[in-house]
Structure formats: structure tokens, C-alpha cells
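Take a look at the model below.

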Amino acid sequence: MNERILIVEDEEALRMTLIDRLVNEGYEVDLACDGQQGLDKATQKAFDLVLLDVMLPRKSGFDVCRDIRAAGMAVPILMLTARGQSMDKVLGLKIGADDYVTKPFDTMELLARVEALLRRARAYSNILPPVQRIGGLAIDLPGTTVVRDGKQVPLSAREFQLLRYLLEHRGVTMSRGEILKDVWGYSSETFTRTVDVHIASLRQKVENDPKQPELILTVPGIGYKLAG
């Protein structure tokens, strides 16, 4: 196993509990006691998953999550929150968290969620070669970068996640509801223009002519697909 997990948590008792359980499960663990230290470690070292508390000194977990994604890093983030309001959970997912657990939580549930996120990340890494080429694009999956005709394309973390998702389903039409659920973590019944807005933004950056896209295709009445 030996996956590396960063715990960003200011409660010492909870940190020690998490360390014991994760080490016993075979994970390598590093620690950060405040948000700024967590962000520094997350962006300077390689981790397979980040356990991130919401209420932290110096920088909130929301800000840390947002900054990690803004840095273009796709490391899975599992947020820990004592808050019960659904809007806080929605906010965490919206800014790039992959999952959340509400305190107090059952340790076995936490471990199951950790393993699920790591399993998903391993599956993604095995599905595709590290560098994919389509049209004039070179998509570096581990490096979370895209190069077009020799020049790097400045994608946001969410745009890269969306492009990767379409790449993983290349040639298959994905509905807006499926994309919304799998990329953003929203209910597929949620009414939002989020998918369309991000598709339009992505096309502006990767298509030769965004008004006549050749890579990211619209399937009328259904959704979108990446050209096969």
C-alpha cells in the first residue's frame, strides 16, 4: 500500500487517533497543525490524499482546498467538518473537495472513505497512459498540465478535472447530470448551468475555433463528449 496521507487538523487528540488508525492500516502519514502549514506541505510534497479539517488556525480548510486546486493539483481531498449545515458541505465540494465526513465520525467509515478515494485515484492512473494526445493537445495527467502546439494552456483545477473526465470517457456521450454528479459531486437533479459554463470556458482554451469545436462536442438534448 504505502500511500502517503497528509492530515491537516488542529485538534491534537483527533490527530493522534487518525495517525494511529492510518499507520495501522499501512499508510504513511504526515501532519500539519494549521491551514497555512497544510497548504505549504500539500503543494510542496507528493501526497496521495489530504485529510483536511474545515476550522483551522491561520487559513480555513475551505481556503486551503481552494488554493490546492488553484495550484493545479488533483490530489484527492477528504474534508472533516463539525458543521451540520448542508451549504458548508456543498461549498467544500464546489471548490474541489472530493468527499467529506462530519464530526463526530465513525473511524471505520472514515477509513472506508479514504480507501474509496484512493481506489478511485489508482483506477484513474491505470485507465490512461500518463500523457494523452488529442488534436494539438498533450495532456499530462500526473502533472495536471495541458500543452497546445508547444505552449502550456492555463486551465483551472476544475477545468482540468472536467477535461480529464471527458478523456476517461472519450467517444462516449455524457449527460449534464452525469458530469455534474461525477465532477462536481452535485445531485444530477440539481438545476445549474455550471457544466455548460465550464465547457464553454474549456473550449475557449483548447479549441482552434471555440464556435466550431472539433474536440469537445455537443450532443443536442443529451450532453457532451470528447471526440473519439
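## Ground rules

Helices (H or I, at least four residues) and strands (E, at least two) are DSSP runs, numbered from the N terminus. Axes are lines fitted to C-alpha atoms, for helices over the stretch in contact, and angles run from 0 to 180 degrees between N-to-C directions.

This is a predicted model, in which local features need pLDDT of at least 70, side-chain atom pairs count only at pLDDT 80 or more, and totals for chains, interfaces and linings use all residues. Residues are numbered from 1 along each chain as its sequence is written, and side-chain values use heavy atoms, with hydrogens and water left out.

## Helices H6 and H7

Two packed helices are described by the angle between their axes and the distance between the axes. Helix H6 spans residues 157-168 and helix H7 spans residues 176-184. Their axes come within 10 Å and cross at roughly 120 degrees. That makes H6 oblique to H7. Angles under 35 degrees count as roughly parallel, over 145 as roughly antiparallel, 65 to 115 as roughly perpendicular and the rest as oblique.

Which residues of H6 and H7 make the contact (heavy atoms within 4.5 Å)? H6 gives Arg158, Gln161, Leu162, Tyr165 and Leu166. H7 gives Glu178, Ile179, Asp182, Val183 and Trp184. By class, six are nonpolar, one is polar and three are charged. Ala, Val, Leu, Ile, Met, Phe, Trp, Tyr, Cys and Pro count as nonpolar, Asp, Glu, Lys and Arg as charged, and the others, Gly among them, as polar.

## Helices H2 and H3

Helix H2 (residues 35-44) packs against H3 at an angle of about 20 degrees. The axes are 9 Å apart. That makes H2 roughly parallel to H3.

Gly35, Leu39 and Ala42 of H2 meet Val64, Asp67 and Ile68 of H3. This contact has four nonpolar residues, one polar and one charged.

## Two backbone details

Where is Pro104? Pro104 sits in the loop between strand S5 (99-102) and helix H5 (107-127). A cis peptide bond joins Lys103 to Pro104, with omega at about -10 degrees.

Arg58 lies in the loop between strand S3 (49-53) and H3. Its phi is near 70 degrees, a positive value in a residue other than glycine.

Technical notes:
Contact means heavy atoms within 4.5 Å.
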